[in-house]
Amino acid sequence: MLLSLHVKNLALIEEAEVEFAPGLNILTGETGAGKSILLGSVNLALGAKADKDLIRRGAEYALAELTFSDDDERIREKLSEMELPCEEGAVTISRRLQTGRSVSRINGETVSARQLKELSELLLDIHGQHEHQSLLHKKKHLEILDAYAGEEILAPLKKVKELYHEKNRIWNEITGQEMDEAKRKRETELALFEFDEIEQAAPTAGEDEELESKYRRMANSRKIGESLGACYRFSGGEEEGASFFVSRAVRELSQAAVYDDGLEGLSEQITEIESLLNDFNRELSDYLADMEFDGADFAAVEDRLNQLNHLKEKYGKTIEEVLAYKEELSEKIEKLNDYESYMALLKKKYDETEEALIKSCEEVSALRKKQAKKLEKTLKTALSELNFLAVEFEIKIERKEASPDGFDDVEFLISTNPGEERKPLGQVASGGELSRIMLGVKTVLADKDAVDTLIFDEIDAGISGRTAWKVSEKLGALSCAHQVICITHLPQIAAMADAHFAIEKQTDGQSTMTGIRRLTKEGEIEELARLLGADALSEAALSNAKEMKIEAAKIKQS
């Protein structure tokens, strides 16, 4: 659920904070008061294209911030998947707009446009005039039908997508491997040459790292020898060495311990130090004795390193990658040597995948046709309740070439007048009818729609009177399952509000500002009277508004 919207320095808004409620949230205001700016701030926070002119004059930046509750497990899983922090109880999305750049954050972490889009799709669904117009596109009809089919169609549709991409992958492999005899011979010769070069070198995993360590040691043997020699002198048994003085200390302490039992522990400690130091000196002496620079050995190590580095330059950044490339060459040589069988096997696999794809498409199509009959009936009822008095609705499904969505071409056909044949929506429905059809669709899908918050803008375009009451009823029903935020100018819709906000424009003569406030019960009545067209808040106008609010309450209870 959308808990709040905070806007600062955006167009006419200096600073505004809105705390939304569950159920139906209604926003009203005079024409030009800034309703579109408020909705635009929501879109801006969710990643819409930013215009520097949106920054309020005289301000350095503009800010739009949305806070959602995070009581949905899917949201927490998405945050975890994107490695974003989970703040207990809330998800905050903000967009800071400055001249030349903008920064989006989720819970304080800077995010990309892709991450913002992925998360916002789980949080919010905005329906404006553009979304209503999407009903004119057949692709939207397919999305609606699949959304109605729900869980039942997910697994079969996933299988269709997988088979479609596998078929394309095999086809690309077939076309990529097709070659004439001369080209096949050249490819074979090159693969054999590269394979033999790696085979003869016989590299082993980790060999280069071991040789590089050995090379560094041999190349710096003189420096190592000098340092170890000095170390032996300082720690050895010579007069200036530590062993000489430690041995003297052992003798002196042993003599003193004869007269004082309390020194026995210290005597044991210094004796152990002497033993450790002697062991260290012996190992150091042995290392120095074995440390002889062998020019031939050094040359052999250098040559082998050069050979391995040459392989890495040609076939991979590491010896492991070189060995993996060798395996690929082996498979390629096998394919080229038995080219005809290989191509025949690929084509057989392609045919089998295509056959499986068609079978899966038929399964998906059968499910869609079954669900289409149910959706036709359900949506026709929903449209009748939205004052489409003589509506006929049909979902036409025709077959086309297979795609990741199957081979169904889905189109909604409608007739809104008796005796007229059903036609595509774009040939029949007006703008106002499209908005009502979209509302009908959202109502039908309410139980299947996982997005909790729905925003409707211009849902009342082109309607009035009885139809407005019908739309109001549907919004009320929809708000039982979702949080609904609706911008409207119709009193019938506003009367159904669980929370009513007024958007107002104010000026001090120097500048103009847009503000928003939640109305009290008395304020709701006054705003309804204004929406009813009253020039002044007379007793008659207020009485009409009260009656409308009472009527809306009866509808909500029923």
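Helices here are DSSP runs of H or I with at least four residues, numbered from the N terminus. One such run in this predicted model is helix 20, which spans residues 539-557 and contains Lys 546. Lys 546 has a relative accessibility of 46% and therefore counts as partly exposed, since that class lies between under 20% for buried and over 50% for exposed. The C-alpha atom of Lys 546 is 9.1 Å from that of Ala 495, although 51 residues separate the two along the chain.

**A pair of packed helices**

Two packed helices are described by the angle between their axes and the distance between the axes. For helix 5 (residues 138-149) and helix 14 (residues 339-385), the angle is about 95° and the axes are 9 Å apart. Helix 5 is therefore roughly perpendicular to helix 14, because angles of 65 to 115 degrees fall in that class. On the helix 5 side, the residues in contact are Leu 142, Ile 144, Leu 145, Asp 146, Tyr 148 and Ala 149. They meet Arg 368, Gln 371, Ala 372, Lys 374, Leu 375 and Thr 378 of helix 14. Sorted by class, this contact holds seven nonpolar, two polar and three charged residues.

Strands of a sheet pair through backbone hydrogen bonds, either parallel or antiparallel. An open sheet in this model has six strands in the order 8-12-13-3-14-15, and its pairing is mixed. At the edges are strand 8 (124-127) and strand 15 (512-518), each of which pairs on one side only. From one strand to the next, the twist averages 15°.

Within this sheet, strand 3 (residues 24-29) and strand 14 (residues 499-507) run parallel and are joined by five bridges. Leu 27 has Phe 501 in strand 14 as its bridge partner.

**Aromatic pairs**

Rings of Phe, Tyr and Trp pair if their centres lie within 6.5 Å. The count by this rule is five aromatic pairs. One of them joins Phe 244 and Phe 245, with ring centres 5.2 Å apart and planes at 80°, so the pair is edge-to-face. Tyr 315 and Tyr 325 form a stacked pair, with 5.3 Å from centre to centre and 15° between the planes. Tyr 315 belongs to helix 12 (residues 295-315) and Tyr 325 to helix 13 (residues 319-337), so this pair ties together parts that are 10 residues apart in sequence.

The table gives the accessibility of the residues in these two pairs.

| Residue | Relative accessibility | Class |
|---|---|---|
| Phe 244 | 26% | partly exposed |
| Phe 245 | 49% | partly exposed |
| Tyr 315 | 8% | buried |
| Tyr 325 | 24% | partly exposed |

**Alanines with positive phi**

Which residue has a positive phi of about 55° although it is not a glycine? This is Ala 11, found in the loop between strand 1 (2-10) and strand 2 (13-19). With a relative accessibility of 24%, Ala 11 counts as partly exposed.

Ala 202, also not a glycine, has a positive phi of about 50°. Its place is in the loop between helix 7 (181-201) and helix 8 (207-219). The relative accessible area of Ala 202 is 44%, so Ala 202 is partly exposed.

Methods
Residues are numbered from 1 along each chain as its sequence is written. This is a predicted model: local features need pLDDT of at least 70, side-chain atom pairs count only at pLDDT 80 or more; totals for chains, interfaces and linings use all residues. Side-chain values use heavy atoms; hydrogens and water are left out. Axes are lines fitted to C-alpha atoms, for helices over the stretch in contact, and angles run from 0 to 180 degrees between N-to-C directions. Helices (H or I, at least four residues) and strands (E, at least two) are DSSP runs, numbered from the N terminus. Angles under 35 degrees count as roughly parallel, over 145 as roughly antiparallel, 65 to 115 as roughly perpendicular and the rest as oblique. Contact means heavy atoms within 4.5 Å. Ala, Val, Leu, Ile, Met, Phe, Trp, Tyr, Cys and Pro count as nonpolar, Asp, Glu, Lys and Arg as charged, and the others, Gly among them, as polar. Buried means under 20% relative accessible area, exposed over 50%, partly exposed in between (1.4 Å probe, protein chains only). Two strands pair if DSSP finds at least two bridges between them. Rings of Phe, Tyr and Trp (its six-membered ring) pair if their centres lie within 6.5 Å; planes under 30 degrees apart count as stacked, over 60 as edge-to-face and the rest as tilted.
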